[in-house]
Amino acid sequence: MARTPLIASGLVIVLVGGAGLSPVAGQDRCPSGVITEVVYDVGKPFRPKEASEDASLGWFLRTMNYVHIRTRVRTVGWELHFEEGDCFDPQLLAESERSLRSLRYIAEADITSERVGSGGHRVTVQVRDSWALSGGLSLSFDGGAQITGASVSARNVLGTGTRLGFFRAGYRDRQRVGLISRQPNL
């Protein structure tokens, strides 16, 4: 029983002592500079002008972009390994870019930086959403073609990165109905 208070008090001393050892923000703490600003640019999923040379699908893609809800800046920020005021580290920018690219609701991600002022860096985070809605049908050919199941899923509900889906599946006399939800940023 005597060990627990000693360990706990030792931990407090280390935490308090560690806070006192960090130097005042300056060149010694961040030799590469400080991130002074993070700028976000979240793009819609479709590029109508680039989709087809004759632009015959342009109206459809513009409509799809219109109904699409963009990923929120806060949702993108959850995946970053840095924020304003942190020391500039190109490896953290690269790792953050890889994290963004691994998300199914992000089609493209690019993180760049530029020097501003005296030792500061402006970091630009550009992402383009992917189309987030999908659906499916299950067919059975036992005694004729019939629909045995259906599903609808959204990978980026209201721009929050939340996945929400509904399914109904049946086989012979059994029916399954369900709801799928996933919030990766909790």
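Read along the sequence, the protein chain follows the pattern α-β-α-α-α-α-β-β-β-β-β-β. In total there are 5 helices and 7 strands. Helices (H or I, at least four residues) and strands (E, at least two) are DSSP runs, numbered from the N terminus. The model is predicted: local features need pLDDT of at least 70, side-chain atom pairs count only at pLDDT 80 or more, and totals for chains, interfaces and linings use all residues. Residues are numbered from 1 along each chain as its sequence is written, and side-chain values use heavy atoms, with hydrogens and water left out.

Of the 186 residues of the protein chain, 30% count as buried. Buried means under 20% relative accessible area, exposed over 50%, and partly exposed in between (1.4 Å probe, protein chains only).

**The sheet**

An open sheet is formed by 4 strands in the order β4-β5-β6-β7, with antiparallel pairing. The edges are held by β4 (133–140) and β7 (174–182), each with a single partner strand, so one side of each has no neighbour in the sheet. Neighbouring strands of this sheet are turned by 10° against each other on average, direction ignored. For such angles, axes are lines fitted to C-alpha atoms, for helices over the stretch in contact, and angles run from 0 to 180 degrees between N-to-C directions. Two strands pair if DSSP finds at least two bridges between them. Strand β6 (residues 162–171) pairs with β7 over 9 bridges in the antiparallel sense. Arginine 163 has arginine 182, in β7, as its bridge partner.

**The disulfide**

A disulfide is a pair of cysteine sulfur atoms within 2.5 Å. By this rule the count is 1 disulfide. Cysteine 30 is joined to cysteine 87, with an S to S distance of 1.9 Å. The pair links distant parts of the chain, 57 residues apart: cysteine 30 is in the loop between α1 (3–21) and β1 (34–43), and cysteine 87 is in the loop between α4 (73–78) and α5 (90–101). The torsion about the S-S bond of cysteine 30 and cysteine 87 is about -60°, so the disulfide is left-handed. Cysteine 30 counts as buried because its relative accessibility is 3%, while cysteine 87, at 25%, counts as partly exposed.

Phenylalanine 88 is also found in the loop between α4 and α5. Phenylalanine 88 counts as buried, at 13% relative accessibility. The C-alpha atoms of phenylalanine 88 and arginine 122 are separated by 9.7 Å, and the two residues are 34 residues apart along the chain.

**The pockets**

On a 1 Å grid over the protein atoms alone, a pocket is an open set of points where a 1.4 Å probe fits, with protein on both sides within 12 Å along at least five of seven lines; lining residues have an atom within 4 Å of a point. Grid points are joined across faces, edges and corners, and a volume is the space filled by probe spheres set on the points.

| Pocket | Volume | Lining residues, among them |
|---|---|---|
| Largest pocket | about 190 Å³ | Tyr105, Arg163, Arg182 |
| Second largest pocket | about 160 Å³ | His68, Trp131, Val157 |

The lining of the largest pocket has 3 nonpolar, 2 polar and 4 charged residues. The lining of the second largest pocket divides into 8 nonpolar, 2 polar and no charged residues. Here Ala, Val, Leu, Ile, Met, Phe, Trp, Tyr, Cys and Pro count as nonpolar, Asp, Glu, Lys and Arg as charged, and the others, Gly among them, as polar. Strand β5 (residues 146–157) gives the most to the lining of the second largest pocket, with 3 residues.
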